[in-house]
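Dear colleague,

I am passing on a structure that I would like you to look through when you have time. My notes on it follow below the structure itself.

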Amino acid sequence: MQSSIFTILFFIVSCTVAFAQTPVIDSLLNQLPRTRNAEKVRVLNELCSEFSFVRPSQALLYGSQALDMAKNLNNPVLLSESANALGVMYAVQGDYEKALQHFLQSLAQAERAKAFDKIAGLYSNIAGVYKSQGDYRQA
């Protein structure tokens, strides 16, 4: 009897934690309507990152919006950051094919922008995907 009560309590607490918003998420959601252009893309990318572990569907929504806005702004750094955020979200979910597509897209944009600080991290993300798939040679 006591273990079933513990199990039910654990489930309720787990659900509450999983669906609760953090102060960071609340702050970003409050900023979102007041931002424009590059700043809005960065806030959307942060929301994508924050939601990646707790609500993947929300992460995908914010990440896709960021990527679309970055394309419209034709800013390779923002495109790289947005594709990377989506890549991380897909990697967290175990969709390594989509993660790799986004990481490679991000890498191409970072190279276009000569954003060498981002390139090293992207190679690490790409290697992580290959490692997760057991392809150590490619990693």
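Predicted model: local features only at pLDDT ≥ 70, side-chain atom pairs only at ≥ 80, totals over all residues.

Residues are numbered from 1 along each chain as its sequence is written, and side-chain values use heavy atoms, with hydrogens and water left out.

Overall make-up

The secondary structure comes to 7 helices and 0 strands, where helices (H or I, at least four residues) and strands (E, at least two) are DSSP runs numbered from the N terminus; read from that end, the elements run α-α-α-α-α-α-α. Of the 139 residues, 31% count as buried, a word that stands here for under 20% relative accessible area, with exposed meaning over 50% and partly exposed what lies in between (1.4 Å probe, protein chains only). Among the contacts (heavy atoms within 4.5 Å) between residues at least 6 apart in sequence, 50% join residues at least 24 apart. The accessible surface of the protein is about 8500 Å², and 57% of that belongs to carbon and sulfur atoms; areas come from the Shrake-Rupley method with a 1.4 Å probe, and for residues only the protein chains shown count as cover.

On that surface, Phe 53, Val 54, Val 88 and Val 92 make a nonpolar patch of about 330 Å². Patches are made of residues with over 30% relative accessible area and no salt bridge, like charges being joined within 9 Å and nonpolar side chains (Val, Leu, Ile, Met, Phe, Trp, Tyr) within 5 Å. One of the four, Val 92, has its place in helix H5 and is partly exposed, with a relative accessible area of 33%.

Helix H6 and its cover

Helix H6 takes in residues 96-112, and at 1.5 Å a residue its 17 residues should span 24 Å, which agrees with the 24 Å between its end C-alpha atoms; the expected span is 1.5 Å times one less than the number of residues. After H6 comes Lys 114, whose phi is positive, near 55 degrees. The buried residues of H6 are Ala 99, Leu 100, His 102, Phe 103, Ser 106, Leu 107, Gln 109 and Ala 110, and what covers them includes helix H5 (76-93) and helix H7 (116-132).

Gln 109 is a polar name in that list worth a look: its relative accessible area is 16%, so it counts as buried, and, leaving aside neighbours within four places in sequence, Gln 109 is in contact with Pro 76, Leu 79 and Ser 80. Ser 80, in turn, is placed in helix H5 and is buried at 2% relative accessible area. With neighbours within four places again left aside, Ser 80 is in contact with Ser 106, Gln 109, Ala 110, Lys 118 and Leu 122.

Side-chain pairs

By the rule used here (a side-chain nitrogen of Lys or Arg within 4 Å of a carboxyl oxygen of Asp or Glu), the count comes to 2 salt bridges. Arg 42 and Glu 81 meet in one of them, at 3.5 Å from N to O; Arg 42 lies in helix H3 and Glu 81 in helix H5, so this pair ties together parts that are 39 residues apart in sequence. Glu 81 also forms a salt bridge with Lys 118, the closest N and O atoms being 3.2 Å apart, and because Lys 118 lies in helix H7 while Glu 81 lies in helix H5, the parts tied together are 37 residues apart in sequence.

Phe 51 lies in helix H3 (residues 37-51) and Tyr 62 in helix H4 (residues 56-73), so the pair ties together parts that are 11 residues apart in sequence. Phe 51 is buried at 1% relative accessibility, and Tyr 62 is buried at 10%.

With kind regards
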